[in-house]
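These are my notebook entries on a structure that I am opening for the first time. I set down what I looked up, in order.

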Amino acid sequence: MSELLKVKNLSVQFPTDKGTVYAVKDFSLNLNPGEIMGIVGESGSGKSTAAYAIMDLLQGARVTAGEISFQGRDMLSMSGEEKRSLRGGQVGMIFQDPMGCLDPSVKIEGQMVEMLRQHSNVTKGEARKISTEMLRSVGITDPEGVMKGYQHQLSGGMRQRVMIAMMLSTQPKLLIADEPTTALDVTIQDQILELLTKTCRENHMAMLFITHNFGIVARICNRVSVMYGGMIVEEGLSEDIFYSPGHPYTRGLLEAIPDLEPGAGRRLKTISGTPNDPFAPPSGCVFAPRCPDCTGICKTEIPKRQDMGGGHGVWCHLARQEGRKGE
Amino acid sequence: MSNELLRVENLIKTYPARTSKGQPVRAVDDVSFSIEKGKTLGLVGESGSGKTTTGRAVLRLTEPDSGSIFFEGKDITKGNMRPYRRKMQIVFQSPAGSLDPSFPVWKIISEGPKAYKLLKTKREAVELSRELLLRVGLNSEDAFRYPGEFSGGQQQRIGIARALAMEPEFVVCDEPVSALDVSYQAQIVNMLIDLRQERELSYLFISHDLSVVMHLSDEIGVMYQGQLMELGSCEEIAKHPAHPYTRELLRAVPVADPRKAASRESRIIAFPEGSVNRGCPYRLRCPVAGEECGGERPSFRDLGGGHFSACIKE
Amino acid sequence: MAPTFLAIMLVVFLLMSVLPGSNINEFSSNGGGDWLDGIFSSLNMTDSIVARYVRYIVNLAKGDFGEGRSSAGLGSNIFYRLGFTAKLALFGFLLSAIIGIPAGTLAAVKRGGRADKAVSVLTLVMSSLPSYALAVVLVLIFCLYFNLLPPFGFGTPEYYIMPTMVVAAGGVAMTTRMTRSAVSGELGSQYVMVLRAKGLTGRRIVWLHVMKNALGTVVASLTNLASQLLCGTLIAENFFSMPGICQLLTKSISGRNQHTVLGCVAVLSVILMMVNIVSDFAAALLSPRIKDAMVYGGGRQNGES
Amino acid sequence: MERAKRVIRLFMKNRLAAASLVVFIIVLLFCILGPLFTPYDYSTIDVKNCWQSPSLQHPMGTDGIGRDTMTRLMYGGRTTFSITFTAVLISLLGILPGVAAGFWGGRVDNIISRINDALGAIPTFLMVIFAENMMGWGGGNYRYAMGVALIPPIVRIARSATMEVVGKEYVEAARALGVGSTGIILTHIMRNILSPIIVHVSSSLADTLVMCTLMGYLGIGVNPPEPEWGNIVHGGYAVILSKPIQMIIPSSLIVICVLSLNLIGNGLRDGLETGKERS
């Protein structure tokens with residue numbers, strides 16, 4: 001069982017007084033050690049919800065799954081205690097909004113030492129030394145100063161670095177990153193992405209990178225899953241996804257992304273329509289209402305995974321190979 | 001300079017220091033540019049670069065400390081803005097935040113003309129809003145619904161319809177698509193392009209996303225810590241950027257193409273924080289900075305053909 | 001805070017000097033020959049309003065409420081009674097904190113659960129029960145029905161049980177409600193999700209991290225709690241005839257003895273002022289951001305964030 | 001006002017709140033229309049049958065000097081309600097300075113907030129005694145003092161709600177559309193600070209009623225023989241051990257009224273909160 005993380009048809013529903021929200025349906029993935037996998041989708045596609053569900057961080061949600069196993073150990077049958085020790089120990093997590101990630105009333109040092117002592121029995125002095133080293137390794141030039149300060153004295157980029165240092169201090173095998181750079185400036189984002197890929201390479205750590213930005217996926221991910229309306233619509237190596245996208249949604253998204261070529265007034269190709277109503281998901285394919293080449297069968301039957309070879313799967317009745325500018 | 005619509009000269013805006021010890025922060029530090037009728041200037045910069053403050057100062061939504069603003073040749077820096085408000089409008093960043101949740105859509109769209117007494121009765125107002133809703137791709141019976149019942153993309157369209165209601169000539173777009181997903185971003189960008197040709201509008205398009213700006217602007221200005229680093233035509237900036245900061249921005253934007261994105265070696269060590277009061281503000285992060293950059297502030301040199309750069313190394 | 005207090009005392013002083021028949025002008029007049037008069041006479045403003053105001057404040061500080069010249073022993077009388085009221089108020093405050101904070105936290109943590117519903121019902125009833133109604137109920141149960149406690153008077157600790165419950169009722173209701181909303185606010189924030197992702201135990205998250213931040217807001221509204229306890233004490237002392245300052249206040253009101261009334265009002269305002277100052281500093285202590293803003297003076301920064 | 005209809009619909013759905021509204025209305029009618037039906041007057045003394053427990057002639061018994069408790073409670077209710085409603089109405093004056101402080105900020109904000117903090121530091125109770133002392137005792141004119149004492153919280157709520165609205169972009173949009181400051185205040189600010197204020201007023205109504213009866217109980221404010229709920233409860237204090245019923249009846253009437261007011265407040269708060277979030 002070489003897989004680090006294996007998830008089979010995970011589903012998440014939120015019962016609310018206005019009806020049930022079907023946030024995630026039949027979500028599956030498997031991740032090998034040291035691999036960086038991207039989960040791409042627009043807001044409301046359920047990408048973050050799926051990750052939180054895997055780590056059992058969702059409150060007030062009905063989570064059903066065929067299988068969730070980490071390093072061969074079945075997480076579904078794990079006790080709350082075991083799952084808790086996994087979180088922060090073997091699996092680290094970093095989040096999108098750096099402004100609200102750290103406890104505002106506790107020094108950075110206190111929060112980092114707390115993390116280390118929770119998952120390993122080191123003394124306070126050792127924990128402090130490790131934390132300072134970790135802060136230096138994530139590119140913070142004055143770790144002692146940061147340790148003594150509070151979160152409101154740091155910029156967004158610095159806080160994200162502290163978060164990364166904290167989560168990496170326990171040498172996790174898997175890092176789940178939920179849009180860590182969306183709220184940061186593009187130059188700082190570039191640094192954080194470089195830091196994350198270097199750390200994964202050096203520590204042979206796997207990363208599940210959740211984002212809506214295809215550019216980031218192209219830059220750091222070797223495998224990609226594209227999600228829409230709570231379901232995976234396409235998965236495969238990033239070469240396949242970018243150069244021979246099988247699903248109309250993936251194709252539409254790739255063409256809608258503005259490129260860096262000059263020329264005012266160049267229109268972008270768009271995907272018409274508006275997002276589905278979360279309380280009443282469409283029968284059949286979730287993308288049917290907005291799909292340009294949608295046919296009768298799409299409206300009635302949920303498409304199955306069509307294998308396009310080499311692990312490249314497409315959930316579309318009319319899936320066909322079609323190159324983009326790469327070939 | 002005949003068909004020049006807007007000219008800004010040495011615009012400065014300072015905010016009181018956050019801590020009592022620090023000196024006041026210069027959000028906009030001596031910025032000058034001009035926009036011709038029907039043309040679009042893109043203002044690009046990261047957070048804290050002063051691009052939003054500049055946009056607000058041009059419409060005098062925040063009063064500038066010094067410098068002057070000319071609209072159609074007339075100086076509007078001081079005095080009553082009311083006659084000019086009609087021709088100058090603004091579209092905001094947050095779809096939900098820019099619409100009053102307690103107003104029905106027809107009231108939101110017709111608020112401007114009503115303030116100028118162009119509409120007498122409610123029926124006229126509803127009529128105007130219906131027309132504009134159709135123009136921005138929504139259906140006319142949305143006029144009686146409330147902003148909370150729309151998605152982000154649709155709310156942004158209502159914001160644009162509100163601006164169009166005043167039949168403006170100049171629109172400041174302050175990060176209009178940054179809060180939207182890619183597919184809705186594309187729809188709004190296309191609409192702004194169509195409106196430009198159709199109503200001969202000129203935009204001051206503000207964004208942190210260089211790729212979106214490239215699709216819309218004739219000229220691009222790059223701002224950093226309140227100062228204009230480089231100003232030039234879209235091709236100049238994209239093909240041969242003169243300022244190291246512009247080059248850094250172009251390099252850092254992730255491109256949706258694995259082969260192009262593969263070759264890059266980026267720096268990890270965090271940039272030193274804090275602003276600089278002497279010399280070039282970018283020198284702390286600049287790979288090619290030297291002592292001379294620490295002297296007095298580099299002037300905004302003309303490299304020919306309307307391409308300016310504030311770097312003495314070039 | 002001090003300027004606010006001086007402002008209030010100025011208002012009290014000016015009103016009293018305007019009042020017909022109040023003996024304010026006697027005990028705030030100078031000419032007593034001590035160090036203060038030296039200063040005023042040298043500035044030859046012995047009778048100016050400012051001098052008399054300063055004299056008034058100095059007297060108050062010395063605890064001399066003018067008993068030296070006119071009514072019998074008001075000052076010492078007040079301080080003797082202050083002991084009683086302080087005891088009642090302190091018990092009430094401790095009860096509010098000891099019951100209110102854990103109950104509020106429990107209700108917030110188990111939001112929507114049975115505990116939450118029970119706590120909300122209890123808080124609703126306690127805040128809708130005026131203190132005299134509660135006192136009646138207590139007397140009915142403990143004195144008439146079970147005959148366990150003496151209804152009136154003071155002395156041994158058992159006399160204090162019922163009055164303290166009456167004083168604490170309003171306080172407990174307010175603290176519980178305040179803590180519940182503060183804690184559930186914190187539980188919803190992003191950093192709690194991060195703490196869970198760090199693998200910390202639920203108990204540690206709530207009692208170490210969330211509590212510290214939530215207490216910041218709870219402590220900030222200490223002054224409302226103080227006023228609530230004041231009302232409780234007024235009724236408790238009156239109902240259970242405990243010789244506190246509030247009983248003196250109510251008696252002097254019905255006796256229309258203006259001077260004592262204002263004396264008591266001054267003392268109670270001083271106490272509430274101190275509670276106000278303490279709550280500001282406690283709030284700063286708990287949340288470093290407020291401390292920074294206080295130390296550096298947070299200017300209204302509305303530039304680019 | 002489509003939003004108002006939605007809030008009312010939500011309020012009605014909350015059965016508890018709707019029921020307490022009915023109870024409150026009954027109590028109101030009891031106080032307003034009641035006196036037309038009772039044979040007694042609130043001040044006719046009938047020493048012969050004093051301290052009567054509830055009977056057919058006197059459904060709620062009589063007090064120490066034989067006056068019919070039910071009639072007194074009816075008239076007393078009128079005084080208590082009029083004092084409470086006037087006080088809460090006066091406290092609404094705090095909205096103006098609150099909006100001004102929130103809208104213009106800077107020096108205006110500092111001055112208003114300083115004064116407001118000073119005024120707020122004095123608890124309602126002391127403020128009332130102060131006013132009573134000055135304006136002469138009794139006659140219920142302490143309603144104005146209570147109103148003044150209720151102003152600081154309203155100023156604070158109006159100020160923070162206004163600042164939140166001013167921070168929103170639709171206010172800047174209105175400025176860009178050429179709408180003047182007063183225009184913005186009247187439309188955008190007022191409409192969006194309404195719900196936090198209504199929520200506060202609904203809860204302060206119950207607290208003010210309790211405060212008013214506390215005053216009455218302690219003999220401040222209304223001097224006898226004029227009836228007031230707190231006063232009537234105090235009347236029964238003398239015989240609390242022998243005839244507790246004398247205090248139980250008036251107290252329970254007050255508790256029922258306050259409880260229903262609080263429940264109405266909660267119902268309104270849920271209605272406005274979800275109403276606000278969704279729209």
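The model is predicted, and local features need pLDDT of at least 70, side-chain atom pairs count only at pLDDT 80 or more, and totals for chains, interfaces and linings use all residues. Residues are numbered from 1 along each chain as its sequence is written, chains are lettered from A and ligands numbered from 1 in the order in which they are written, and side-chain values use heavy atoms, with hydrogens and water left out.

Entry on chains A and B. I found 4 salt bridges across their interface. In one of them, B:Asp194 pairs with A:Arg267, and the closest N and O atoms lie 2.5 Å apart. For contact (heavy atoms within 4.5 Å), I noted 51 residues from chain B and 53 residues from chain A. The buried area, which is the accessible area (1.4 Å probe) that two parts lose on being put together, summed over both, is about 4500 Å². Carbon and sulfur atoms give 57% of that area.

Entry on chain C. I counted 14 helices and 0 strands. Of its 305 residues, 50% are buried, that is, under 20% relative accessible area (1.4 Å probe, protein chains only).

Key
A salt bridge is a side-chain nitrogen of Lys or Arg within 4 Å of a carboxyl oxygen of Asp or Glu. Helices (H or I, at least four residues) and strands (E, at least two) are DSSP runs, numbered from the N terminus.
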